[in-house]
Amino acid sequence: MLYESTRGNYRRVTSAEAIKLGIAPDGGLFVPCDRVTIDEQKLWDMIKHDYRERAYLILKEFLDDYSEGEIRDCLKLAYNTDNFASPVIAPAHRLRDGLYILELWHGPTCAFKDMALQILPHLLTRAASKTGERSAIVILVATSGDTGKAALEGFKNVPGARIIVFYPEQGVSEVQKLQMLTQEGNNVAVVAVRGNFDDAQSGVKKIFADEAFNLELQKANYRLSSANSINWGRLVPQIVYYFSAYLDLAAQNAIAPGEKINFVVPTGNFGNILAAYYAREMGLPVHRLICAANTNNVLTDFIRTGVYNRNRRFVKTISPSMDILISSNLERLLYHLTGRDHSRVARWMADLHRTGSYQVDEHSRDKMRQILWSDYADDRETLETIRSVHQRYGYIMDTHTAVGMKVYEKYTGATGDGTKTIVASTASPFKFNASVVKAILGGQAVADKDELELLHVLSETSGLDIPAGLKDLDRKPVLHRTITDRDSMAGVVKDILLG
Ligand SMILES: *Cc1c(COP(=O)(O)O)cnc(C)c1O
């Protein structure tokens, strides 16, 4: 299996090269050149297997330049009960017959990013040695919260890799900040940037683009790479849980063999839902993919009209991991919808860069609308949904999942579709506890309390234990104290690597 750039101006590469490079050098994203199919027979053969074995059977189709032993080693290092609080890794919780919540947050950092970032470091270091790379891989991350911590946990103590995470000093929650500042590991660094997320992000981009600086690092045997969701190595592990959830429900006779189901996915950068799209293309019986957005509803408008327009106000919501106006992974969907038409994709991306907007042709739009449906939920609806789901089902969901749930209600209201449905749950309610407690117990309950105190309130209310990754955060030693200006970030990288 070879991979090519969505924009068609780079040679075809193996999966190891695609994972090592992260983004294609022509500015596009790597996509598989051939279609992988899992036919009905293969699907039913998987039903008896556990998560890790199902993952092997799917990954080997896409990563055929890795040996069986390499893939199995990576899977073993990632999906085990040291890293995941659930032995089934991604359990599906039944709300009622025909409606299930797929919990993707039992990993070390309590958000779905762990599903891919627990395995990516192992795929990446093996990719480096398979492609003859002599330098150590240095991962640079700019984070608005969830990705930084998940990348730190994934890369900590991984031989042949270093990781440096930059976060905006004032731009992350108290829990998220403490999660990062207490990070252990012999190859990790966490740096606060004076400024907002855009300052941190553009600082990192500038370092990636600085050829002289990269050359200097290479002389010292360091090569920069990215753990961002545009890396194919982050996308492919996410395909697995859509198959596995389907098989889990089939094994419980909750769905009949071959029965089509819907998936609802709370969406930001379009990575998670794109993995569901790949699963459907591979032959998983999926009827509709329901793309749930918050008030930053650029994707809802796009799916309805075929016009992508990022020229709008950025809104800070209570589902911050979905506050995004440029969904990078959408480029991969466009490539497939146009029948792999590089020049059309490149033209739309140039329009986006130049004007902040592009419009796809009618045929592509209609094709998209046969598969995808979208709506959005605002903060008031999100809180109301957390409250009503708790009241009706005794189940507590986080703000991002509640956006998905609300949009699912809007979907059934608009279409009357009674197809059985799985809602992807992207974070533990403990991670966004202030909004969750407010929704369930009212504004009084959160007054004068910080997020660390609210962890205990939520634990008492729910009867659930505080997840290990969030427990005792205030008692762990702070290990990272570096603060930098946006313009001095390269110097900080040099200090960390070259001493
Ligand atoms: C990253 C994230 C999302 C958005 O996922 P995408 O793959 O970017 O669409 C949703 N919810 C949570 C909690 C996240 O961390």
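**View 1. Helices H11 and H12 pack against each other at about 60 degrees.** Here H11 covers residues 232-251 and H12 covers residues 271-282, and their axes sit 8 Å apart. That angle makes H11 oblique to H12, a label for whatever is left once angles under 35 degrees are called roughly parallel, over 145 roughly antiparallel and 65 to 115 roughly perpendicular. The crossing of H11 and H12 is right-handed, meaning the near helix is turned clockwise from the far one by less than a right angle. On the H11 side, look for residues including Trp-232, Leu-235 and Phe-243, which meet H12 residues, among them Ile-273, Leu-274 and Met-282; contact here means heavy atoms within 4.5 Å. Sorted by class, this contact of H11 with H12 has 13 nonpolar, 3 polar and no charged residues.

A word on the model: it is predicted, with local features needing pLDDT of at least 70 and side-chain atom pairs pLDDT 80 or more, while totals for chains, interfaces and linings use all residues. Residues are numbered from 1 along each chain as its sequence is written, and side-chain values use heavy atoms, with hydrogens and water left out.

**View 2. The ligand is surrounded by 15 residues.** The closest of them are Lys-113, Asp-146, Gly-268, Asn-269 and Thr-426; to count as near, a residue needs a heavy atom within 4 Å. Now zoom in on the polar contacts (pairs of N or O atoms within 3.5 Å). A polar backbone atom of Asn-269 is 2.7 Å from an oxygen atom of the ligand, and a backbone N or O atom of Phe-270 lies 3.1 Å from a ligand oxygen atom. Thr-426 uses its side chain: a polar atom there lies 2.9 Å from a nitrogen atom of the ligand.

**View 3. Helices H7 and H8 cross at roughly 25 degrees.** H7 spans residues 146-155, H8 spans residues 174-181, and their axes come within 9 Å. That makes H7 roughly parallel to H8, and the crossing is left-handed. Asp-146, Gly-148, Lys-149 and Leu-152 of H7 make the contact with Gln-176, Gln-179 and Met-180 of H8. Those residues divide into 2 nonpolar, 3 polar and 2 charged.

**View 4. Helices H10 and H21 pack at an angle of about 0 degrees.** The axes of H10 (residues 211-219) and H21 (residues 489-498) are 12 Å apart, and the angle makes H10 roughly parallel to H21. Phe-213, Glu-216 and Leu-217 in H10 meet Ala-490, Val-493, Lys-494 and Leu-497 in H21.

Technical notes: Axes are lines fitted to C-alpha atoms, for helices over the stretch in contact, and angles run from 0 to 180 degrees between N-to-C directions. Helices (H or I, at least four residues) and strands (E, at least two) are DSSP runs, numbered from the N terminus. Ala, Val, Leu, Ile, Met, Phe, Trp, Tyr, Cys and Pro count as nonpolar, Asp, Glu, Lys and Arg as charged, and the others, Gly among them, as polar. A polar contact is a pair of N or O atoms within 3.5 Å; within protein, one must be able to donate a hydrogen and the other to accept it, and residues adjacent in sequence count only if both atoms are side-chain atoms.
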